[in-house]
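Please prepare a short briefing on the structure shown below. Group the points by topic and give the cut-offs behind the terms.

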Amino acid sequence: MKLSLSGLSQQQFLEQYWHKKPLLIRNAFSDFELPLSPDELAGMACEEMVESRIVLHQPEQDTWQLKQGPFEESIFAELPEKNWSLLVQAVDHWVPEAAELLEQFNFIPRWRIDDLMVSYSVVGGGVGPHYDNYDVFLIQGSGSRRWEFGGIYGEDSPRKPNMPVMILPEWKAEQSVVLQPGDMLYLPPGVGHSGVSLEDGSTTWSIGFRAPSVNEILHGFTDFIGEQLKSEQRYADADLTLQTNSGQITDEALDRVQKIILDQVNDREKLAQWFGEFVTEPKYSEITAESDDQSCGSGEVVRRNEQVRIAYTENTATLNLFINGELKIIQADSQSANFVKNLASQIELTLPQSIDSDLQQLVDQLLKSGLIYRI
């Protein structure tokens, strides 16, 4: 599958549309092939480790019902003929062919990608008017779906009360398009949208991106810093001068506190370590990968485990590899560093014909940890 941005270069898309305004791309994937069938998607929704849900709409009462997976197979025979959708999260974690679709979006930092969600809908199926706090690409896989979108919404926007899903009751569409297989709609954060299936068997492949809240960033970094500081490191005021009123918190006291905070925030090395670990934490920490105790030789092909999140930072001397929330330090100018850089951006790699001992050890460790596997 090859992504076409309808005449736009990747740089033009980022400059003109990313995080700014919606974009409809007809025939974005001229050769789109479904990596799994609707029956296989339903089967995934019955698995204990797979996150899934069914959303049902009762148009007469304009009410919504939410069912959380995993499901018994019998539930699909009990569903009505119209107005429901099955949504399965992180399909890329479980289906290698689905994970390959994400490779088409490598012009956006890999650590920003959250997952690939697939929705299957019958006629009238959808999840109602809503907005997301992150960028999303909506790719039509099969059937057709009408998407209405427009307007910017947020926490203060009215919501339909007593509903199990977020519904925007006062939302009015500004644009309406029908997506056919291979078409794609990009929506930046906060844009109101609603998709409704026009026929049975409609599937939408949604690529969502991670956008941690400022709250998460501040809490995460301060917790990380707090765990590293010693209890003896305390507020100090050796430059204290006599105050007119001892009950006043002076500007000088606030300056000292501000300096304590800024000294930690301005520590770029600590910030890089925390952020690398933070953005590569696995989506589902309870999932454990299968290990491979065999050594992998030169010229063999390995594949990054579909559930792995990986990123790196580098400086003159070292490359810091972050893989599933853990840090591993590697010598910058080395065979291992080149391997790690490629592994962070490519799903499959062919090992060099000549492997030094450090790279051999690294590859074997990754195999044993189940972070990569041979194919």
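The protein chain has 10 helices and 17 strands; helices (H or I, at least four residues) and strands (E, at least two) are DSSP runs, numbered from the N terminus. This is a predicted model, in which local features need pLDDT of at least 70 and side-chain atom pairs count only at pLDDT 80 or more, while totals for chains, interfaces and linings use all residues. Residues are numbered from 1 along each chain as its sequence is written, and side-chain values use heavy atoms, with hydrogens and water left out.

**Overall dimensions and surface**

- The C-alpha trace of the protein chain spans about 75 × 70 × 45 Å along its principal axes.
- Of the 375 residues in the protein chain, 43% are buried; buried means under 20% relative accessible area, exposed over 50%, and partly exposed in between (1.4 Å probe, protein chains only).
- The protein chain exposes about 20200 Å², and carbon and sulfur atoms supply 47% of that area. Accessible areas come from the Shrake-Rupley method with a 1.4 Å probe, and for residues only the protein chains shown count as cover.
- Among contacts in the protein chain with a separation of 6 or more, 77% are between residues 24 or more positions apart; contact means heavy atoms within 4.5 Å.

**Charges**

- The protein chain carries 29 positive and 57 negative charges, and their mean positions are 4 Å apart.
- Lys and Arg count as positive and Asp and Glu as negative, with His and the chain ends not counted. The place of a charge is taken as NZ of Lys, CZ of Arg, CG of Asp or CD of Glu.

**Helix α2**

- Helix α2 covers residues 38-45, and its buried residues are Leu-41, Ala-42, Met-44 and Ala-45.
- Seen down the axis of α2, these buried residues fall within an arc of 155°, so they line one face of the helix. The arc is that of the directions from the helix axis to the C-beta atoms.
- An α-helix has 3.6 residues a turn, so residues three or four places apart point the same way.
- The cover over the buried residues of α2 includes β2 (52-58), α3 (75-78), β4 (84-88), α4 (91-94) and β5 (113-121).

**Backbone exceptions**

- Most residues other than glycine have a negative phi, and most peptide bonds are trans.
- Gly-69 and Pro-70 are joined by a cis peptide bond with omega of about 5°. Pro-70 sits in the loop between β3 (63-68) and α3.
- Ala-90 has a positive phi, near 50°, and lies in the loop between β4 and α4. Ala-90 is buried, at 0% relative accessibility.
- Asn-162 also has a positive phi, near 60°, and belongs to the loop between β7 (145-152) and β8 (175-179). Asn-162 is exposed, at 79% relative accessibility.

**Aromatic pairs**

- The structure holds 20 aromatic pairs. Rings of Phe, Tyr and Trp (its six-membered ring) pair if their centres lie within 6.5 Å; planes under 30 degrees apart count as stacked, over 60 as edge-to-face and the rest as tilted.
- Phe-71 and Phe-76 have ring centres 6.4 Å apart and planes at 70°, so the pair is edge-to-face. Phe-71 is buried at 7% relative accessible area, and Phe-76 is partly exposed at 22%.
- Trp-274 and Phe-275 form a tilted pair, 5.8 Å centre to centre with 50° between the planes. Trp-274 is buried at 6%, and Phe-275 is partly exposed at 28%.
- One aromatic cluster includes Phe-13, Tyr-17, Trp-18, Phe-105, Tyr-186 and Trp-205.
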